Amino acid sequence: MNCIDCNNQLTIKINWYESYKKKNWYICIICTLKRRKNYYRNNKDEISLRKKVIAREKRIICLKHYSNSDTPFCKCCNEKFREFLTLDHPNNDGYLHRRSLYGTQNGSGSDFYRWLIKNNFPLKLDVLCWNCNISKSLYGICPHIERMAWLRK
Ligand SMILES: [Zn+2]
Ligand SMILES: [Zn+2]
Ligand SMILES: [Zn+2]
């Protein structure tokens with residue numbers, strides 16, 4: 001059998017994989033890579049858009065899970081706009097945890113959501129809005145809570 005792209009003979013382990021053979025994919029490894037590259041080049045926008053949509057869906061799945069509700073909300077201020085919501089580690093170790101997962105300080109959000117789903121949500125997390133999340137990490141406690149406590153005095 002020859003490669004239908006470059007016409008070189010196909011030899012398993014040299015320029016062809018067993019798995020290609022099983023799939024009746026009569027294209028050598030080099031030409032397969034070329035095709036992939038071209039496909040990516042020609043469909044760049046579509047591919048990155050699809051990735052974005054998938055990442056967004058995974059994020060929503062995680063938010064719903066941790067809010068225990070079909071309408072995710074901020075645990076602190078009840079914010080319901082999804083765009084404002086994020087996941088928070090109750091003890092502020094999110095950064096460290098991501099780093100230990102990916103060996104890098106910028107394990108990206110979408111990798112993190114994918115990891116959570118794949119591992120069946122192994123971490124205990126809270127859904128917070130960005131405001132509450134940032135206030136909490138800057139001041140240790142969100143002003144919502146602090147001020148509410150102060151008002152109750
Ligand atoms: Zn070829
Ligand atoms: Zn909030
Ligand atoms: Zn708050």
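Which helix does S135 lie in? S135 lies in helix α6. I will come back to that residue after going through the rest of the chain. Please keep in mind that this is a predicted model.

First, the overall layout. The chain has 153 residues, and buried residues make up 17% of them. There are seven helices and two strands. Reading from the N terminus, the order of elements is α-α-α-β-α-α-β-α-α. Of the contacts in the chain with a separation of 6 or more, 51% come from residues 24 or more positions apart.

Next, a helix pair. Helix α3 covers residues 44-67, and helix α5 covers residues 109-118. Their axes come within 9 Å and cross at roughly 55°. As for the hand, the crossing in which α3 passes α5 is left-handed.

Which residues in α3 meet α5? On the α3 side they are A55, K58, R59, I61 and C62. Their counterparts in α5 are S110, Y113, R114, L116 and I117. Sorted by class, the contact of α3 with α5 has six nonpolar residues, three charged ones and one polar one.

Staying with α5, its buried residues are F112, Y113 and L116. Their arc around the axis is only 95°, so they sit on the same side of α5. Y113 and L116 were also on the list of α5 residues that meet α3.

Now the backbone around the ends of these helices. In the loop between α3 and β1, where β1 is 85-88, we find N68. The phi of N68 is near 55°, which is positive although the residue is not a glycine. Is N68 buried or exposed? N68 counts as exposed, because it has 8 C-beta neighbours inside 10 Å, and the cut-off for exposed is 12 or fewer.

Just after α5 there is N120, with a positive phi of about 60°. F121 is placed in the loop between α5 and β2, with β2 at 126-129. F121 is another residue other than glycine with a positive phi, in this case near 50°. F121 counts as partly exposed because it has 14 C-beta neighbours inside 10 Å.

That brings us to α6, residues 130-139. Which residues are buried there? They are C132, N133, S135 and K136. Just after α6, G140 takes a positive phi, about 85°.

I134 also lies in helix α6. I134 counts as partly exposed, because the number of its C-beta neighbours inside 10 Å is 14. There is a distance to note here as well: the C-alpha atoms of I134 and D88 are separated by 9.6 Å. Along the chain, I134 and D88 are 46 residues apart.

Back to S135, then. Why does S135 count as buried? The reason is the count of C-beta neighbours inside 10 Å, which for S135 is 20. Setting aside neighbours within four places in sequence, S135 is in contact with C142 and P143.

That is the end of the walk-through.

Definitions and conventions. Residues are numbered from 1 along each chain as its sequence is written. Chains are lettered from A and ligands numbered from 1 in the order in which they are written. This is a predicted model: local features need pLDDT of at least 70, side-chain atom pairs count only at pLDDT 80 or more; totals for chains, interfaces and linings use all residues. Axes are lines fitted to C-alpha atoms, for helices over the stretch in contact, and angles run from 0 to 180 degrees between N-to-C directions. Helices (H or I, at least four residues) and strands (E, at least two) are DSSP runs, numbered from the N terminus. A crossing is left-handed if the near helix is turned anticlockwise from the far one by less than a right angle, and right-handed if clockwise. Two residues are in contact if their C-beta atoms, placed from the backbone, lie within 7 Å. Ala, Val, Leu, Ile, Met, Phe, Trp, Tyr, Cys and Pro count as nonpolar, Asp, Glu, Lys and Arg as charged, and the others, Gly among them, as polar. The arc is that of the directions from the helix axis to the C-beta atoms.
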